Amino acid sequence: MIEEPSRDSGGMGIVRPGPFLPRKMELKSLIRTLVGEHTTMKEGLRAAREAAQKHDFGALAKTLAGLDLLFRQHIVDEESTILRLLIGVLGTKGAEEEIRVFQQHRPIYQLMRRIAEFASMSASELEANQEELRNLFDTHVAAEEKQIFPKAKSLSGRLQG
Ligand SMILES: [Fe+2]
Ligand SMILES: [Fe+2]
């Protein structure tokens, strides 16, 4: 059973679920790790869909449980390290767009939790939820990789310089 997301950072509607702590890594390697996890999570979502199509619900549950853990650690790092850096440099107003992107963590996570209750859904409902999750997730990671991570890197360079 997946836990309910608990804390909300600064009332911005951003999820801070679970017992995860931010990983202590240098920014460049953290970003490399996060990008690698995007690939892993996309593969996981694809595997979950294939498992559902084959009615292999054991594999589906296992894949979703793995994704849940990975996603929760991942968003802790994004919100605690990347977003904190951007807000620190740009202010809440200046980082409005980045905050908006990170607010997508909550609907993504809620959709993941809904999918984890696949036993109560019809096959078409499950497929529709998985399709919606894939679209949300793809849009979200594209914004992170194309806009947010490069901006965080350049701002941290400016801070150090
Ligand atoms: Fe994210
Ligand atoms: Fe991400």
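Axes here are lines fitted to C-alpha atoms, for helices over the stretch in contact, and angles run from 0 to 180 degrees between N-to-C directions. Helix 2 passes helix 4 in a left-handed crossing; that term applies if the near helix is turned anticlockwise from the far one by less than a right angle, and right-handed applies if clockwise.

Please keep in mind that this is a predicted model, in which local features need pLDDT of at least 70, side-chain atom pairs count only at pLDDT 80 or more, and totals for chains, interfaces and linings use all residues. Residues are numbered from 1 along each chain as its sequence is written, and chains are lettered from A and ligands numbered from 1 in the order in which they are written.

From helix 2, Leu64, Leu67, Asp68, Phe71 and Ile75 make the contact with His105, Tyr109, Met112, Ile115 and Ala116 of helix 4. Two residues are in contact if their C-beta atoms, placed from the backbone, lie within 7 Å. Sorted by class, this contact has eight nonpolar, one polar and one charged residues. Nonpolar means Ala, Val, Leu, Ile, Met, Phe, Trp, Tyr, Cys and Pro, charged means Asp, Glu, Lys and Arg, and the others, Gly among them, are polar.

Helix 2 also has a partner in helix 1 (residues 27-53): their axes come within 9 Å and cross at roughly 155 degrees. That makes helix 1 roughly antiparallel to helix 2, and this crossing is left-handed. The helix 1 side of the contact includes Leu34, Met41, Gly44 and Ala48, and the helix 2 side includes Leu60, Leu67, Leu70 and His74. By class, there are 13 nonpolar, six polar and three charged residues in the contact of helix 1 with helix 2.

**The cores**

The largest nonpolar core has 15 residues, and Met112 and Ile115 are those with the most contacts inside it. A nonpolar core is a set of buried Ala, Val, Leu, Ile, Met, Phe, Trp, Tyr and Cys residues joined through C-beta atoms within 7 Å. Helix 1, helix 2, helix 4 and helix 5 (123-160) each supply at least two residues of this core, and helix 2 gives the most, with six. A second, separate core has eleven residues, including Ile82, Ala95, Phe149 and Ala152. In soluble globular proteins, nonpolar side chains tend to be buried together.

Leaving aside neighbours within four places in sequence, Met112 is in contact with Leu67, Asp68, Phe71 and Leu133. Ile115 of helix 4, again not counting residues up to four places away, touches Leu64, Leu126, Asn129, Gln130 and Leu133. Leu67 of helix 2, on that basis, is in contact with Met41, Gly44 and Met112.

**Four residues and their surroundings**

A residue is buried if 20 or more other C-beta atoms lie within 10 Å of its own, exposed if 12 or fewer, and partly exposed in between, with C-beta atoms placed from the backbone.

| Residue | Class | Other C-beta atoms within 10 Å |
|---|---|---|
| Ile115 | buried | 22 |
| Leu67 | buried | 22 |
| Ala143 | partly exposed | 17 |
| His55 | exposed | 9 |

Some of these residues have neighbours from elsewhere in the sequence. Leu67 and Met41 are 26 residues apart in sequence and 6.4 Å apart in space, C-alpha to C-alpha. Ala143, found in helix 5, is 41 residues along the chain from Phe102, and their C-alpha atoms are separated by 9.7 Å.

His55 lies in the loop between helix 1 and helix 2. Phi of His55 is near 60 degrees, a positive value in a residue other than glycine. Most residues other than glycine have a negative phi.

**The whole chain**

The protein chain contains five helices and two strands, running β-β-α-α-α-α-α from the N terminus on. Helices (H or I, at least four residues) and strands (E, at least two) are DSSP runs, numbered from the N terminus. Of the 161 residues, 25% count as buried. Among contacts with a separation of 6 or more, 70% are between residues 24 or more positions apart.

Technical notes
Parallel < 35°, antiparallel > 145°, perpendicular 65-115°, else oblique.
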